Amino acid sequence: MSLTEIEIHFERMKELSGSLTQTAAGLYGIADTAGISAAAQIKAAWTGSNADAFARKEVRILEQIRESARRLEALSVQIEEKAEQIYRLETWNALTARARSYR
């Protein structure tokens, strides 16, 4: 693999990592801002016998959304770390192969 190809692959992995980070931020926004706001509005407007059960379900769903965001963040970090490792190793391999071909 050429150094240019290695660089392109590395940039793509960084973009993927950034995209996952943005998706996680969006999920946090849904869970922490929009979700809490919607839950509060529903709670204020609904006082029936099932309102509390529904509110508990909302809380569970918002917590699941937060957990999904945490997992995406962790995956983003792992992708970035592995991409960096692979980049360094592939660059070293390409440079070593190039040096050997000059002998």
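Helices α1 and α2 each supply at least two residues of the lining of the largest cavity; helices are DSSP runs (H or I, at least four residues), numbered from the N terminus. This is a predicted model, in which local features need pLDDT of at least 70, side-chain atom pairs count only at pLDDT 80 or more, and totals for chains, interfaces and linings use all residues. Residues are numbered from 1 along each chain as its sequence is written, and side-chain values use heavy atoms, with hydrogens and water left out.

A cavity is a set of points, on a 1 Å grid over the protein atoms alone, where a 1.4 Å probe fits but cannot get out; lining residues have an atom within 4 Å of a point. There is one cavity of 30 Å³ or more, and the largest cavity has a volume of about 30 Å³.

## Lining residues

The lining consists of Ala39, Ile42, Lys43, Trp46, Ala51, Ala55 and Glu58. By class, five of these residues are nonpolar, none is polar and two are charged; Ala, Ile and Trp count as nonpolar, Glu and Lys as charged.

Lys43 lies in helix α1 and is partly exposed, with a relative accessible area of 41%; partly exposed denotes values between buried (under 20%) and exposed (over 50%), with a 1.4 Å probe and protein chains only.

Trp46 lies in the loop between α1 (3-45) and α2 (51-101). Its relative accessible area is 33%, so Trp46 is partly exposed.

Together with Ile42 and Phe54, Trp46 forms a nonpolar patch on the surface, with about 240 Å² of accessible area in total. Patch residues have over 30% relative accessible area and no salt bridge, and nonpolar side chains are joined within 5 Å; a salt bridge is a side-chain nitrogen of Lys or Arg within 4 Å of a carboxyl oxygen of Asp or Glu.

Terms used
Patch = residues over 30% accessible without salt bridge, like charges linked within 9 Å, V, L, I, M, F, W, Y side chains within 5 Å. Areas by Shrake-Rupley, 256 points an atom, 1.4 Å probe, with all protein chains shown as cover. 1 Å grid on protein atoms, 1.4 Å probe; cavity = no way out; pocket = protein on both sides within 12 Å on 5 of 7 lines; lining within 4 Å. Points joined across faces, edges and corners; volume = space filled by probe spheres on them.
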